[in-house]
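Subject: Structure handover

Hello,

Here is the structure I said I would pass on. Please look through it first; my notes follow below.

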Amino acid sequence: ATHTKSTSSVLRRLASKERAKRGIPQHCLSADAAQERQALGLCGTPPLLVGRYHLVPRGWLQLWRSSLRSARHRRPGPPNTGDLLCMAHCKPLVPHELVTYLHGHAHRLTFPNPPNSSTCEVLDAQEWTALNNLYPVDFAVAFDVTWSSPHTLHITWATEPCTLCDAAGRADDLDLHFRSRSKAQKHSKYYDDLDLNSVNVL
């Protein structure tokens with residue numbers, strides 16, 4: 001019961017309007033992150049705290065959040081993380097706006113208008129685990145933020161992003177990375193126990 005309550009709390013946070021607006025786990029930022037980095041001369045370093053993070057397509061998260069707000073919206077299947085890969089090399093496609101933000105050259109993460117298939121949000125390890133328990137996928141684009149020296153943060157990608165393709169290169173045919181939909185559906189009772197359809201979206 002404690003695990004279910006904890007997972008429910010994490011998913012409610014991920015479903016909130018403020019979280020949707022920012023696209024990053026705000027709790028993973030220092031309260032004075034920008035001022036601290038500037039004072040230490042660390043402009044151009046990652047704004048996120050040390051830890052592992054995952055990318056999830058923003059379009060899928062929007063559908064998922066809509067399904068929580070209203071029973072009229074159909075619950076989506078597992079996120080198509082293949083949209084975050086290039087077709088030519090099956091490597092991650094990291095949108096320019098995310099690269100700019102992660103390297104500390106932008107104060108906030110922005111999204112293209114209109115969004116494209118590779119537009120994504122950043123989830124921390126706890127959010128990813130909670131979401132993946134409900135919508136299992138075998139492939140995820142992930143990166144780690146670590147200290148490479150006493151005053152230098154560094155980003156290391158689990159799989160090095162493609163440097164030959166841009167974020168317009170879609171990977172629509174890479175659904176082979178997913179577990180079967182039926183396996184994900186085994187989690188439906190667990191999902192219903194969380195009573196997320198009645199969640200109060202802040």
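In these notes, a residue is buried when its relative accessible area is under 20%, exposed when that area is over 50%, and partly exposed in between (1.4 Å probe, protein chains only). Helices (H or I, at least four residues) and strands (E, at least two) are DSSP runs, numbered from the N terminus.

The model is predicted: local features need pLDDT of at least 70, side-chain atom pairs count only at pLDDT 80 or more, and totals for chains, interfaces and linings use all residues. Residues are numbered from 1 along each chain as its sequence is written, and side-chain values use heavy atoms, with hydrogens and water left out.

The sheet

Two strands count as paired if DSSP finds at least two bridges between them. On that basis there is an open sheet of 4 strands in the order 2-1-3-4, with antiparallel pairing. Strand 2 and strand 4 are at the edges with a single partner strand each, so one side of each has no neighbour in the sheet. From one strand to the next, the twist averages 30 degrees; axes are lines fitted to C-alpha atoms, for helices over the stretch in contact, and angles run from 0 to 180 degrees between N-to-C directions.

Strand 1 (residues 51–57) is joined to strand 2 by 5 bridges, and H54 has L123 as its bridge partner there. Another 5 bridges link strand 1 with strand 3 (residues 141–149), where L55 is partnered by V141. Strand 3 and strand 4 (residues 152–157) share 6 bridges and form a hairpin with 2 residues between them.

Of the 5 residues in strand 2 (residues 120–124), 5 are buried. C120, V122 and D124 point one way, E121 and L123 the other.

Helix 4 (residues 58–69) lies across strand 1 and strand 2, at about 80 degrees to strand 1. Helix 6 (residues 125–134) also lies across strand 1 and strand 2, running at about 100 degrees to strand 2.

L109

L109 is in the loop between helix 5 (96–102) and strand 2. L109 is buried, with a relative accessible area of 4%. Leaving aside residues up to four places away in sequence, L109 has contacts (heavy atoms within 4.5 Å) with R22, G23, I24, E97, L98, Y101 and C120. The C-alpha atoms of L109 and L98 are 6.4 Å apart, while the two residues are 11 residues apart along the chain.

Regards
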